[in-house]
Amino acid sequence: MNIREVDNTYVAGTYKRFPVEIVRGKGSVVEDAQGKQYIDMGSGIAVTSFGVADDVWQQAVTEQIGKVQHMSNLYYTEPCARLAQMLCEKTGMKKVFFSNSGAEANECAIKVARKYAAEKNGADCFTIVTLENSFHGRTLTTLAATGQAHYHELFQPLTPGFAHVPAGDMDALRKLAAETKIAAVMIECVQGEGGVVPLDPAYAKALAAFVKENDILLLVDEVQTGNGRSGALYAYMNFGLEPDVVSTAKGLAGGLPLGATLLSEKVQNVLGYGDHGSTFGGNPVSCAAACSILSRIDDNLLQSVREKSDLIFRTLGSAKGVQAVTGMGLMIGVKTEKPVGEVVAACMEKGVLCLSAKDKLRLLPALNIPTDLLQKALDIIIEVCGA
Ligand SMILES: *Cc1c(COP(=O)(O)O)cnc(C)c1O
């Protein structure tokens, strides 16, 4: 059996994989088992922040692997402490809980909100409100948080205590708050899986003001939008928000599993000994990788992310067969005249790996994709969309 057949036989069938086996890569170019090269416009879904097998990232990882690859959280390790310090100094948040994935980072945010609200406002204050069309993860609790019914159907009953309101509709939130005690509102600044849809800035401001007035926590899910992806270190910074809790993962460690839940002053001491934990969370190799990644997401890099974003909006915005371009930074959705599945397949044929989200083409290139490679990928996308 070739690898595709072995995989299809033995790996649980939860992914509809493309018929391509990726064996290696460098930066924004990856290579399949037949030696065909592709420009990677997906970065493993916003994970490989500086591309594949990046030299600086590799050095940070291998150096730490040569020292100690894992210790339990019963002992101190330097990468974990340094990363928490870095995250707090760069955001003004006060403490960090480390886990291994986006769903877990959100689970922690939800646990913090539940405990804070119960202690402050009583045991009946537990409802977490999220937006329709949101995506917050695949565990039973983060599925309950996810505002898309089709993910829920097969897995009832989900964790209770979640409600969803339409994005942009302040009246719906006010009405819900009048009927139900709300512990927290959780938002994505740009809905990623939901089709790369940014929140209306005026709505985001109004929502933030409302929750503040009503002692409701604001949780921002920066799993996909975070770590430079939006053109700011975290997307909430583009909206002028002051979240109580920020969760992130995907691009944080540049390709190793790591989730982080950032706690503001208000909630920094909500979790005490034994309230939460994770065997792998804060793993020294993942944290060393993340220290390296975060130290490179400086003003220059963010400026170049915004410039490349402008280039994509300009180039695709006027292209034949393109109906709309949405998103922020290097998180881009493209509504095409052709069905998105056809566009993705034709791009792959021509050597460009793209993603989709709902009915949109989704582009999440590495933050440091060279401009000439980006231009080459855009030329192929335009050719495909207009053909
Ligand atoms: C991907 C994603 C998640 C889930 O992250 P996992 O690492 O797959 O658990 C949660 N929220 C958002 C916004 C995401 O994009």
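## Helix packing

Helices α11 and α13 are roughly parallel to each other, because angles under 35 degrees count as such and their axes cross at roughly 20°. In this predicted model, α11 covers residues 299–317 and α13 covers residues 371–386, and the two axes come within 11 Å. The crossing in which α11 passes α13 is right-handed.

A second pair is formed by helix α3, residues 55–65, and helix α10, residues 284–296. Their axes lie 8 Å apart, and the packing angle is about 150°. Angles over 145 degrees count as roughly antiparallel, and α3 and α10 are therefore roughly antiparallel to each other. Here too the crossing is described by its hand: α3 passes α10 in a right-handed crossing.

## The largest pocket

The largest pocket has a volume of about 2,000 Å³. Its lining is made up of 48 residues, and those nearest the centre are Tyr-15, Gly-44, Ile-45, Leu-355 and Arg-362. By class, this lining comprises 21 nonpolar, 16 polar and eleven charged residues.

Both domain 1 (3–54 + 299–386) and domain 2 (68–296) contribute to the lining of the largest pocket, with at least three residues from each. Among the secondary-structure elements, α2 (43–46), α5 (102–121) and β16 (355–357) each supply at least two residues of this lining.

## The second largest pocket

The second largest pocket has a volume of about 980 Å³. It is lined by 27 residues, and Asn-73, Cys-80, Val-96, Phe-97 and Phe-98 lie nearest its centre. Two or more residues of this lining come from each of the elements α4 (78–91) and β4 (95–99).

The classes in the lining of the second largest pocket are 13 nonpolar, eleven polar and three charged residues.

## Backbone features

Most residues other than glycine have a negative phi, and most peptide bonds are trans.

Pro-157 is placed in the loop between α6 (140–145) and β6 (162–165).

Methods:
Residues numbered from 1 in each chain as written. Predicted model: local features only at pLDDT ≥ 70, side-chain atom pairs only at ≥ 80, totals over all residues. Heavy atoms only, no water. 1 Å grid on protein atoms, 1.4 Å probe; cavity = no way out; pocket = protein on both sides within 12 Å on 5 of 7 lines; lining within 4 Å. Points joined across faces, edges and corners; volume = space filled by probe spheres on them. Helix = DSSP H or I, 4+ residues; strand = E, 2+ residues; numbered from the N terminus. Nonpolar A, V, L, I, M, F, W, Y, C, P; charged D, E, K, R; others polar. Domains from an automatic or database assignment. Axes fitted to C-alpha atoms, helices over the stretch in contact; angles between N-to-C directions. Parallel < 35°, antiparallel > 145°, perpendicular 65-115°, else oblique. Left-handed = near helix turned anticlockwise from the far one by under 90°.
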